[in-house]
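Hi everyone, thanks for making time. Let me put the sequence and the model up on the screen, and then we can walk through a few features together.

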Amino acid sequence: MPTDHAPLPLPVPAARRGLWPKRIAWRLALGLGVLVGLVLVALAQSGWQLRLMADLTQRFATGDMQRLLRVQALTLQTEGVGSALVRLVHAPREDRVKEYADVDARNRMLDGIIESLSEGLRDAEQEATLRRLVQSRAKYAEAFIATVDEIEADNLPAAARALNDQVNPALNAMLRESGAAVAA
């Protein structure tokens with residue numbers, strides 16, 4: 001016996017009936033809304049990452065790069081002091097005043113650069129490197145005085161020995177520590 005009855009609809013779970021709309025237009029709108037929300041979350045995350053990179057770049061440009069430039073200036077001044085001392089050793093007495101002025105100006109610049117490096121230290125390693133740099137600068141100052149004493153006593157062989165045995169090692173120690181300041 002044939003019957004003209006329509007098939008019975010499948011029962012819809014009660015949990016799904018209340019949350020999911022029955023009309024297709026509402027389903028499409030809800031799906032599009034979820035998709036737009038996910039795109040906005042992705043955009044917000046990429047915007048946050050771009051802001052973080054901009055902050056890091058700014059910190060490098062204003063802090064780390066300036067510090068690297070000061071260390072480079074320290075290295076150049078340290079190398080310049082060595083050549084100025086050699087000129088001082090070999091200068092005749094009447095030209096020494098000009099050479100002393102040059103060496104003193106370079107020494108003041110070294111002190112200023114070392115002082116500027118003490119600003120903005122971020123960790124204990126940088127502080128230790130700066131302490132070692134200051135100690136090597138003090139050794140250089142002592143060696144410089146010993147060399148100048150020999151120059152003024154017109155004892156050029158002793159001045160050359162002091163330059164080679166005391167000043168050059170002290171300047172090399174300063175160069176090593178300034179290199180360590182770059183790495184720190």
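Let me start with a question: which residues does asparagine 107 touch, not counting residues up to four places away in sequence? Hold that thought while I say what we are looking at.

This is a predicted model, so local features need pLDDT of at least 70, and side-chain atom pairs count only at pLDDT 80 or more, while totals for chains, interfaces and linings use all residues. Residues are numbered from 1 along each chain as its sequence is written, and side-chain values use heavy atoms, with hydrogens and water left out.

Back to asparagine 107, then. Its partners are Val81, Arg137, Tyr140 and Phe144, where contact means heavy atoms within 4.5 Å. Asparagine 107 sits in helix α3, residues 96-117. Helices here are DSSP runs of H or I with at least four residues, strands are runs of E with at least two, and both are numbered from the N terminus. Asparagine 107 counts as buried because its relative accessible area is 8%; buried means under 20%, exposed over 50%, and partly exposed in between, with a 1.4 Å probe and protein chains only.

Now the wider view. The protein has five helices and zero strands, in the order α-α-α-α-α. Of its 184 residues, 26% are buried.

Next, how do α2 and α4 pack? Helix α2 (residues 24-90) and helix α4 (residues 124-152) meet at an angle of about 15°, and their axes are 12 Å apart. That makes the two roughly parallel, since angles under 35 degrees get that label. The axes are lines fitted to C-alpha atoms over the stretch in contact, with angles from 0 to 180 degrees between N-to-C directions.

On the α2 side, the contact includes Leu74, Val81 and Leu85, and on the α4 side Tyr140, Phe144 and Ile151 are among the residues. By class, the residues of this contact are ten nonpolar, two polar and one charged. For that count, Ala, Val, Leu, Ile, Met, Phe, Trp, Tyr, Cys and Pro are nonpolar, Asp, Glu, Lys and Arg are charged, and the others, Gly among them, are polar.

Glutamine 72 is partly exposed, because its relative accessible area is 46%. Its C-alpha atom is 8.6 Å from that of valine 182, 110 residues apart along the chain.

Technical notes:
Angles under 35 degrees count as roughly parallel, over 145 as roughly antiparallel, 65 to 115 as roughly perpendicular and the rest as oblique.
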